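Look at the sequence and the fold below.

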Amino acid sequence: MAKGLSRRGFLKAGLVSGVAYKIAMLAGPARADLVETPASRVPPWVGPDGKARFRYDAVAKVTGEKTFGRDFRAVDMAGWPREQSHAFMVFGDRADHAFEGIDLSVLGAAADADNLLPDRVVMGADLVRDGVRPPSDTDGLPDGFYGDVFLVPAGETPRFLGQPVALLIYHDFARYDAAKRRIRFDTEVVKWGARTAPNTPGNYGTGRYVRIGGDRPDDRDVYSPLDGGTTVYGRFEGETVVWPAADEAGDATARAMWAAARLDEEIADAGDDVLVLTREHYSQSIDASAMEADNGLVWYDLVTGTLRAVLGTQSPYETVASTVSMFDKSRFRLTKFDLSIGYTVGYGTKDHSVFPFFAVVAGLYGEGRPVRLALDRFEHFRTAMKRHPFWMTSTLVVDRTTGAFRVLKGAYRTDGGGRRNFSPEVSLVGTSAAQSVYYFPKSDLSVASFASRAVESGSTRGYGTVQTMTATEVLVDAAAAELGIDPIALRRKNLFRSGMKNTQGAVPGGALRNEEILDRAAAHPLWRDRAAAKAAFEAQNPGKRYGVGYAQVQKDYGCGAEAAITTLSFDAAGRLTMRQQGMEMGTGLTTAQAMMVAAVLGRVPDLYDYGATRFPEMPLVSNEIPYSITQEEQDRLAADPHWTPSYLSAMTASNSVYYIGHATRTAAKALLALSLWPAAVALWSRGPGGGQIAPLAVTLADVRIVDGMLAGGGLEPLPLDRLAATAHERGLVTGVSVHTFNRWKWATASFDVPGVGPTTLPIDALSVQYGDGAPPEQKALMTAGGFHFLPRTAVDYPETALNNAGVTYYTTVGTITEVVVDTATCEVRVTNHHSILECGGQVVPELVSGQLQGGLAMGIGHALYEELPLYEGGPSDGTWNWNRYRLPHAADVAVWKQTSEILPPLSDTDPPKGMAEVVMIAVVPAIINAVADAIGHRFSETPITPARIREVLP
Amino acid sequence: MTIATRPLSLVVNGRQVGPLDVPENLMMVDFLHEYLNLTGSRLACGQGVCWACTVMLLDTDGAPPREIRTCITGAHFFQGRHVRTVEGHAERDADGAVVALSPVQQAFIEHFSFQCGYCTPGFVTGATVLIEQLKRQPVARADVETTIEAALSPHVCRCTGYVRYYEAVRSVILDTPGLVVG
């Protein structure tokens, strides 16, 4: 292991700080490490036409198989004890008094035969004594990311409302269940001492993007983060943000502040030729309400120091690394960690959640028995990460004559609650997206992320952009109203078009098709005929107001350091095996990745290993600092062919179809080029005179898969099984493993592939497997998990300056929404909506439209129904559930009427784009704009509840 | 320590269960999960508002089966009763392998009705109960959509936005002879 490589560098090799680890998928058809396509007598999920008949995991899910982590018990786990304990947490409901202790007398006295006292009580003092603290120094995790204590020690004031103070463990379910029900809403169990000052952590972070473009969009920027500038970071003085000093001749930060000051002057000195419109907007805290509440099942074997766990997480590698880090500082010994992960769902909130570590803590105190910590909904509301509330002040400067946008200034404030988590990152991503689908010649977008006594906010579908783009989309409609311009016409004048720069100065990858979407929206009957429809509806429905609104947004996908591995190989019988890290979170990854292979090779794999984390065939190391590495250091380390900026990414940020899919598609193409094509040429060349291929000029580019056979150029189609047999017989390449890295651009590298020659691919590492007939000396090279690791001969990594780009990959959606406001009940009903999505090439159209429909429902919930108070009386008080937190139901989403269209790709080589986040966003401002059309009031906060309607109706 | 228990016997998915000593206050969903290891009926809200945990009550004296929320119904309510959980809808062979899905299950998978699948067992139950009701009391073709809305409206799905569930149920109703009139 090279010097200076991190804990995570070790992790990738199946060993972290000397602890052997293994991660395996549990769920459904992927229950074993390597499983065959489900062998039920239900017809196969892939039809004879090569298309998915249904989801890969469909039968398991529709028949109630154990698929979620929550479904598993100790008795389901091979080699685990059958005796299992159950735990629940006691939560504090104050953050202004010192915690004194707990009084469990409500559960009876120890002498009582029918007491419900726990078999084990774990308090903060136990954890302090045993050195059990939340992970804090795992590489890449800032201090305080997971908070500083699991359980508040007696004498200390909780950091935030609802912070756990004790863990109660029961060795039988019946008593656990009865005890939990008895004290669930009992506010006397937790005892409080003296009133104290708040114990809130320090505020979390700030960021600012300033850009002054040239005279024309493609002129060089006067100032931008990407073009010689930087992202600006301020500091906190108490609750005040202090930004650095401005200096035109100073460093990049000082010049940014100089540029910001110029924009302030321009706004202040604006003349009558421009409209200066300033609006406030508040986007509320919500609970993502993943239906599977947080849970974990953990067995810590005291004798051997082995930890076994079943956890629902979107970030298993991080969970492993951080758990080991946690043990390092404790009195507990860890020799081995087997993590089993079920299918899960979190909409982002199970990415880097602290919950799995609470489950580990429960396991530590199980006295050798497996312990299950499975939250109910009330508890989940208390603990699950929330969507960040944003308070936003936006100023738009518009030329009154031309309608051209001149300046966007956004000053945003977010509340991250009592643990840091990803608060600064979510805040900054939201800020980077505030421009929505417009080109702004000048912009100054800043954010400050505050700590508070609220339940923590974290990664949630949309990642800050639901909030900022909603503010911008509502502001644009307000400007259109002020200027007397049709909202779509104003959008058209200012669209972000291909080749233009974003507010960080980066040019997005590929074509921006904003105008096509806008054209379709403008021509749609819901929009085109809205005035007549309003008049007709209101004439026929006295007391009801009709409105139509539109919004269009674009959302980045990916995290700016996306790393993936896919391994594809076949045996001599032609059975195709795929290994990759992708996990199923409901989005259909296991279906879509298989279909990507089919698109290249004409068939889905026969064997799958999803959720893999150990890739001995890809022996790479990483220092895992892709965001902060210097160009010089990257250049130096890149000379080592075993080095990569990052090994594997978590499942997040809508990254599966494009980024992980890139590894899958590239591996399939590489297998075609390096294996099947040479095998085909060998077969076509048989016979006198060089065989049937000799008279022709056929190249790899001519090859097509037709009816599951390799064909093209007029040559005899060859079945893949025969090609596999030939490749094995001749010792050709029969398997490939690729590692990919993307920092808003793909790494590319060259390799000298034995038997093929120099090959350049959009990957940074390649291993190959040779067939059974390969000579012994060639087989001897297959030392990396049965593969031959081919050191790259050259590599081109994306430059580190791209870390300032913010984002370069966008997916776009426009949504027209029709609402009816009942002036008697003050309810807003969404009665119809139409969405237009551009997401590149679709892999499985049914999954795409399902995501779209689901995202729209979630957006409708945000706009109209869902809301959490932040502090006292909020979710931390333990009384929140779906009876009072209103989720959208079918009747709320125009279930029979809603329609959508998806732009066809520009070519059949357009890659698919991540689209699971963007689809929920446009509908939020579209509803606000529709309500404005209906009643003449443009709301500056969500949700638009009957109470808020009542306040503004005359 | 002891918790008051009572013997409980019932039929689950055609199989006689019990008598088992079951706490008097235990909810059915916990009985299914912790005593029978049938975890397909999902606990999500625990207060009867999301309907992810429902099962079919079959012994209804000739009336259509009923959909029961197991998170708010005590296990002992089912003493002597016949219930079908989501695990009991598909036809299975002697080894428990699925031989054929029920029409509702088949429609859900073909319509890509679910994503995470946590709510799916409740939708399978609710839709199947509806189909059974319609076998006894068909509805006018024009009322199919409102009938589905009325039957399934309490069910919460957080991933897929309901459209594909509702379309799947509509297709089953329209494709099954005798469920609609007119």
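In which sense do β26(A) and strand β27 of chain A pair, and over how many bridges? The pairing of β26(A) with β27 (residues 709-712) is antiparallel and runs over 3 bridges. Two strands pair if DSSP finds at least two bridges between them; helices (H or I, at least four residues) and strands (E, at least two) are DSSP runs, numbered from the N terminus. This is a predicted model, in which local features need pLDDT of at least 70 and side-chain atom pairs count only at pLDDT 80 or more, while totals for chains, interfaces and linings use all residues. Residues are numbered from 1 along each chain as its sequence is written, and chains are lettered from A and ligands numbered from 1 in the order in which they are written.

In chain A, an open sheet of 3 strands has the order β26-β27-β28, with antiparallel pairing. β26 (704-706) and β28 (715-719) of chain A are at the edges with a single partner strand each, so one side of each has no neighbour in the sheet. On average, neighbouring strands of this sheet are turned by 35° against each other, direction ignored. Axes are lines fitted to C-alpha atoms, for helices over the stretch in contact, and angles run from 0 to 180 degrees between N-to-C directions. Opposite A:R704 stands A:A711 in β27(A). Helix α18 (residues 720-729) of chain A packs on the sheet and touches β27 and β28 of chain A, its direction making about 85° with that of β28(A). Contact here means that the C-beta atoms of two residues, placed from the backbone, lie within 7 Å.

The loop between β26 and β27 of chain A holds A:D707. Phi of A:D707 is near 50°, a positive value in a residue other than glycine. Is A:D707 buried or exposed? A:D707 counts as exposed because it has 10 C-beta neighbours inside 10 Å. A residue is buried if 20 or more other C-beta atoms lie within 10 Å of its own, exposed if 12 or fewer, and partly exposed in between, with C-beta atoms placed from the backbone. A:E624, in the loop between β25 (607-609) and α16 (631-638) of chain A, also has phi near 50°, but A:E624 counts as buried, with 25 such neighbours.

Two peptide bonds are cis. One joins A:T942 and A:P943, with omega about 0°. The other joins B:G18 and B:P19, with omega about 10°, and B:P19 lies in strand β2 (residues 15-23) of chain B.
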